[in-house]
Amino acid sequence: MGLPLLLLLLLPLLPPASLQAGGSAKCTSNLDYEVKQPARLSAPEGGSIDIPFSFCHSLELASDPKVRISWRWKDYHGEFIYSTTPPFTHEDFKNRLSLNWTKDQRNGSLRISNLRREDGRSYFCRVQLTTRNEGEKMWQSIEGTKLTITRATEKTTKDPTSTTSTTSTTSTSTTTDGLGVSGDKGRSEFWPFSKEVVVSMAVVSTVLKIAILGLMIYLRWKRSKGVPAELLCGPGLSKDGLRVG
């Protein structure tokens with residue numbers, strides 16, 4: 001098998017997105033160079049997101065193109081948050097950024113972990129490389145990717161008969177009768193009484209107090225009229241209401 005025929009058979013096996021010295025990766029959009037990113041992405045707070053990117057060009061590369069990938073955020077001229085060469089990670093993203101990309105590829109993704117609400121901005125990928133005849137070239141995504149951070153899913157459990165708030169050691173609940181019951185590890189500190197029982201006890205106590213007060217007023221009034229104590233108190237009772245021998 002001749003060498004030309006062998007190369008022809010191996011050509012389809014080469015990675016279509018690889019960078020080769022002296023070669024180019026022309027853009028389908030007829031631009032000289034371009035970086036492509038999704039327009040919008042969303043992810044929950046506390047989660048992770050991969051922002052994919054790919055780039056193309058019609059440049060003739062140097063034998064060592066020294067491809068460098070960097071990322072900006074907020075706007076087209078915003079701060080850099082990541083760079084492969086020299087290695088750099090923005091203080092706000094320490095231990096939260098990782099780039100899934102190898103130097104011979106024209107696509108990859110930037111992963112942002114442990115997402116925060118303030119991460120909801122636009123992100124722009126920039127490519128820089130060395131060409132054979134034109135020296136250093138760099139270009140960047142124009143629109144970037146708008147990242148939206150959604151609220152983390154909150155899981156709540158509701159009891160059909162009571163509402164309960166639980167801590168690590170103590171729980172407090174409100175019963176259907178409206179009286180609070182608090183306890184440690186399921187033990188109640190007092191028995192809940194119904195509203196009817198409480199009201200009835202209060203009414204009885206009030207009536208007794210009124211009756212006693214009325215009797216005292218009546219006795220004082222009779223005494224002021226000069227009525228003998230025996231008539232007021234009955235036989236065998238003193239005027240103070242005490243029984244005598």
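Which side chain meets that of R111 in a salt bridge? I looked this up in what is a predicted model, and I found that the partner is D50, with 2.8 Å from N to O. I then noted where the two residues sit: R111 belongs to strand β8 (residues 107–112) and D50 to strand β3 (residues 49–57), so that the pair, 61 residues apart, links distant parts of the chain.

Next I checked accessibility for this pair. R111 has a relative accessibility of 37% and counts as partly exposed, and D50 is likewise partly exposed, with a relative accessible area of 32%.

I went on to the other salt bridges, of which a search of the whole structure finds five. I recorded both D119 and R96 as buried.

I also noted a salt bridge between the side chains of E134 and K137, at 3.4 Å from N to O, in which K137 is partly exposed at 23% relative accessible area.

Last, I turned to the largest pocket, which holds about 150 Å³ of space. Among the residues that line the pocket I listed L31, Y33, E34, Q140 and E143, and by class the lining has four nonpolar, four polar and two charged residues. Strand β1 (residues 33–36) gives the largest share of this lining, three residues.

How values were computed. Residues numbered from 1 in each chain as written. Predicted model: local features only at pLDDT ≥ 70, side-chain atom pairs only at ≥ 80, totals over all residues. Heavy atoms only, no water. 1 Å grid on protein atoms, 1.4 Å probe; cavity = no way out; pocket = protein on both sides within 12 Å on 5 of 7 lines; lining within 4 Å. Points joined across faces, edges and corners; volume = space filled by probe spheres on them. Helix = DSSP H or I, 4+ residues; strand = E, 2+ residues; numbered from the N terminus. Nonpolar A, V, L, I, M, F, W, Y, C, P; charged D, E, K, R; others polar. Salt bridge = Lys/Arg side-chain N within 4 Å of Asp/Glu carboxyl O. Buried < 20%, exposed > 50% of the residue type's maximum accessible area, 1.4 Å probe, protein only.
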